[in-house]
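Visitor: I would like to learn how to read a structure feature by feature. Could we take one and go through it together?

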Amino acid sequence: MMVEERAAVTCAVAPFHISRSIQIYDAVAAHQDISLLMGFDFQEYVSITQATPTKGKTFPNFRPDRSTIDSGDGYWVVGLDKKKDVVLTNATRLYDLSNSNFEEHLRSRRAFYTDPIAHEHPQDHCACTAPSAKKMTGKVAYNGDLWVRRELRGQGVPKMLARITHSLSFAMWAPDFLCALVARWRVDKGLPHYRHHEPGGSILRLVKEGIAEDNWLVWITGEELKSEVDGCYKPELVTFHRDFPL
């Protein structure tokens, strides 16, 4: 979060039964009358996204019924308007790829399912032809499930979320890589918060999920993330309430 925005994280009031969340302050969100909440319980996150009109189904990466996210290995951000209706969602999780790489993690579908054999359809497949995916090892933070309500699109919301995601991911994990899989049109519009991009990140089909996509891989290295946070953000201003240990 930008220094001049005086970002802070405080204990939140819990609207619509969000029982374990903390509030994030961001000047851009505040200007648009959006309250940002961060949480760690992905059962709760799925219950929020399922009840959000016009938002598509959350990918299995972030659904505990399909993919295990251990405590401290993931967080989500939800934005609320003045009426406490959900206007944006986003989630980030950490993959331990010390003995693997992101290409293999995608190709095996373990990026989506803890146990692919138990949950896959016989026709499921995922190809990753982005050359750099094989070099992405160690602690790989993955950001996804971005959804913004229609009237807020084109107003810089992804850039705002990127500030938060980069700052929090660095503070929590100091990952070796922070990445996402995005549609070509998003790359064409520009993603300055991800310095690198390659086609063929994920040519994916998950039959039971109704997913068929061809996405680009976008990423920033751990060193670049550290430089970015040290130069532009103030992670020491991001403090966590004692009830939310990381």
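Visitor: How many disulfides does a search of the whole structure find?

Guide: As a general idea, a disulfide is a covalent bond between the sulfur atoms of two cysteines. This model is predicted, and the search of the whole structure finds zero disulfides. Cys128 is in none, and its nearest cysteine sulfur, that of Cys126, is 6.8 Å away. The cut-off for a disulfide is 2.5 Å between the sulfur atoms. Cys179 is likewise in no disulfide; the nearest cysteine sulfur to it belongs to Cys128, 9.6 Å away.

Visitor: Is Cys128 buried or exposed?

Guide: The cut-off for buried is under 20% relative accessible area. Cys128 has 10%, so it is buried. Cys179 has 0% relative accessibility and therefore also counts as buried.

Visitor: What share of the residues in the protein is buried?

Guide: Buried residues make up 53% of the 246 in the protein.

Visitor: Which secondary structure does the protein have?

Guide: The protein has seven helices and ten strands.

Visitor: How do I check the length of a helix, for example helix 5?

Guide: The general idea is that an α-helix has 3.6 residues a turn, so residues three or four places apart point the same way. For the length, take 1.5 Å a residue: helix 5, residues 157-173, has 17 residues and should therefore span 24 Å. Its end C-alpha atoms are 24 Å apart, which agrees. Helix 5 is also mostly covered, with 14 of its 17 residues buried. After helix 5 comes Ala174, which has a positive phi, near 45°.

Visitor: Which strands are joined to strand 7 by bridges, and in which direction do they run?

Guide: In a regular strand the side chains alternate between the two faces of the sheet. Here, strand 5 (residues 86-97) is joined to strand 7 by nine bridges, and the two run antiparallel. Within that pair, Arg93 stands opposite Tyr142 of strand 7. Strand 8 (residues 177-182) is joined to strand 7 by three bridges, and these two run parallel. There, Ala141 has Leu178 in strand 8 as its bridge partner.

Visitor: How many residues of strand 7 are buried?

Guide: Nine of the eleven residues of strand 7 (residues 138-148) are buried, so the strand is mostly covered.

Visitor: What share of the contacts joins residues at least 24 apart in sequence?

Guide: Among contacts between residues at least 6 apart in sequence, the share is 72%.

Conventions:
Residues numbered from 1 in each chain as written. Predicted model: local features only at pLDDT ≥ 70, side-chain atom pairs only at ≥ 80, totals over all residues. Heavy atoms only, no water. Helix = DSSP H or I, 4+ residues; strand = E, 2+ residues; numbered from the N terminus. Expected span 1.5 Å × (residues − 1). Buried < 20%, exposed > 50% of the residue type's maximum accessible area, 1.4 Å probe, protein only. Contact = heavy atoms within 4.5 Å. Pairing = 2+ DSSP bridges.
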